[in-house]
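Reader: I have a model open and want to go through parts of it. Can you take my questions as they come?
Author: Go ahead.

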Amino acid sequence: MPHAAAASSTTPPTTGLAATAISKPRPINSIPLGIRRLRRPATPMDPLAALLSERPPQQLSVTELRSRIALLEDTARACCAELESRTRLDALPDEIQQVIFGQLCNALDPRSAVDYSSTSKGLREPMQRVGEGASKSLLQQLKEENAAAAALCLKLEVLSCKALREAKGDTWVNNGLSTTDLATLDKLTPVLPALERLSLVEYANLAGSEGGQLLLNGLGVGALPAVTHCALVVRTVARGWSTALAKTLDKGHAGASALAAALDRGALPRLKELYLHGAAIGDAGLVALAPAVRQRPALERLNLACNPFGDEGLAALVAPPPADVPPPQAEVLVNLKWFHLANTKITDDGCAHLASRLRSGALPALDELYLQDIPASYAARAAMHEARPGLHVHEWDWVEEEDDDDDVEQEDEEQEEDEAGEEGEEGEA
């Protein structure tokens, strides 16, 4: 066949390298491993990645499989060592360790801080070391604070530090708290998250002015977050509620200013009831305290009885809002239902100002108002009924009731003496 011969003569067969170059490229997996390695770019590769990119385990021999397992174990150990070196707490600077330890310190429950310092020798030594300018180590300070907290629990008649830590509220009456006790209570306020009622009632000097200052100055941002009732009350045994200064907050207005500063810092954020009975708050003190109290719209009960403030302090507390305040926030103390002003220095002028504010819509939720034993006349006190119809006003002085009680007590004593005399006569007979 001439055509076939011609075709065969004109197109010689391709063999060898020429045939390989002209033919269609083969898949990479069909190329021998040696040639495949030559074609790869000469870039460094991680040994583990190279090992894993080889044949699957089913195609490995026993020796190769053991070699691969050993390499994987070495790699895992190296990764664990790297992670451990990055997360070792004792490798942190002393300043950071002290910050962590300080955050864990809790005088009512020191176990977390002690456990942290016991994790390793590298953590224990800095906590036992006395720092520059300090007289005690951090662990020693924590130990002393825990002992002081336990002593305070005994005075407050609380069973244990755990019971105080979990307490939701109690009224501590006549516990004889000293300045040191109030300083300890101040340090414990950040670790009393469950406390809802804080009531300190004393029949004498509540640790003096210094103790009151310590307790108030320590109330910082968010202190006592669950407390809704706070009372600092002083009584006397002789006559019901005391009219004398017991220095609960300090003479003058310094203590009231300290309380105002604590409220401004964000302490007692859920406060609904504030009792400052017999706290020696004068006009200057109430003027300083009024802005902070007026900014507590959730306040429902306010007791300022037996304080020496008068018309000026009352006017500052119930003053109309500034003209530049938007209408939704126009009035203050909108939830105040119970207002105790008995045994203060409020006169007819103060009562007239309060009545005027009530008529204008101030204190819209007010339901009970106490005005006993104040210099204002009964007529000025009774004007509150006209200013706010339906308002329960307690305007009659307690002195009259006390006189009646004295007469009853005297009659009871005379009756007891008569009965004792009759019994004696019967015995003689």
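Author: One definition before we start: helices (H or I, at least four residues) and strands (E, at least two) are DSSP runs, numbered from the N terminus. Also, this is a predicted model.

Reader: Fine. Where is V221 found, then?
Author: V221 is in the loop between α12 (208-217) and β3 (229-234).

Reader: Is V221 buried or exposed?
Author: V221 has a relative accessible area of 75%. Exposed means over 50%, so V221 counts as exposed.

Reader: Other loops. Where is the place of T189?
Author: T189 sits in the loop between α11 (179-188) and β2 (197-202). T189 is buried, at 5% relative accessibility. The C-alpha atom of T189 is 7.4 Å from that of L219, and these two are 30 residues apart along the chain.

Reader: And S137, in which loop is that found?
Author: The loop between α8 (121-128) and α9 (138-155). S137 is buried too, with a relative accessible area of 10%.

Reader: What does the side chain of S137 reach?
Author: The backbone nitrogen of Q140, at 3.2 Å. Beyond four places in sequence, S137 is in contact with M127, Q128, R129 and V130.

Reader: Zooming out. How many helices and strands does the protein have?
Author: The secondary structure comes to 18 helices and eight strands. The protein has 429 residues, and 35% of them are buried. Of the contacts with a separation of 6 or more, 77% are between residues 24 or more positions apart.

Reader: Now helix packing. At what angle do α13 and α14 cross?
Author: Roughly 10 degrees, and their axes come within 8 Å. Angles under 35 degrees count as roughly parallel, so α13 is roughly parallel to α14.

Reader: Which residues meet there?
Author: From α13 (254-264), A256, S257, L259, A260, L263 and D264. They meet G285, A288, L289 and A292 in α14. By class, the contact of α13 with α14 has seven nonpolar residues, two polar and one charged.

Reader: What are the buried residues of α14?
Author: G285, L286, L289, A290, A292, V293 and R294. The elements covering them include α13, β4 (273-275), β5 (301-303) and α15 (311-317).

Reader: How far apart are the end C-alpha atoms of α14?
Author: 16 Å. The expected span is 1.5 Å times one less than the number of residues, so the 12 residues of α14 should span 16 Å, which agrees.

Reader: Another pair. How do the axes of α16 and α17 cross?
Author: The axes of α16 (residues 348-359) and α17 (residues 378-387) cross at roughly 5 degrees and come within 9 Å. That makes α16 roughly parallel to α17.

Reader: Which residues make the contact?
Author: D348, C351, L354, A355, L358 and R359 of α16, with A380, A383, M384 and A387 of α17.

Reader: What is the split by class?
Author: The contact of α16 with α17 has eight nonpolar, no polar and two charged residues.

Key. Residues numbered from 1 in each chain as written. Predicted model: local features only at pLDDT ≥ 70, side-chain atom pairs only at ≥ 80, totals over all residues. Heavy atoms only, no water. Axes fitted to C-alpha atoms, helices over the stretch in contact; angles between N-to-C directions. Parallel < 35°, antiparallel > 145°, perpendicular 65-115°, else oblique. Contact = heavy atoms within 4.5 Å. Nonpolar A, V, L, I, M, F, W, Y, C, P; charged D, E, K, R; others polar. Buried < 20%, exposed > 50% of the residue type's maximum accessible area, 1.4 Å probe, protein only. Polar contact = N/O pair within 3.5 Å; in protein donor to acceptor, adjacent residues only side chain to side chain.
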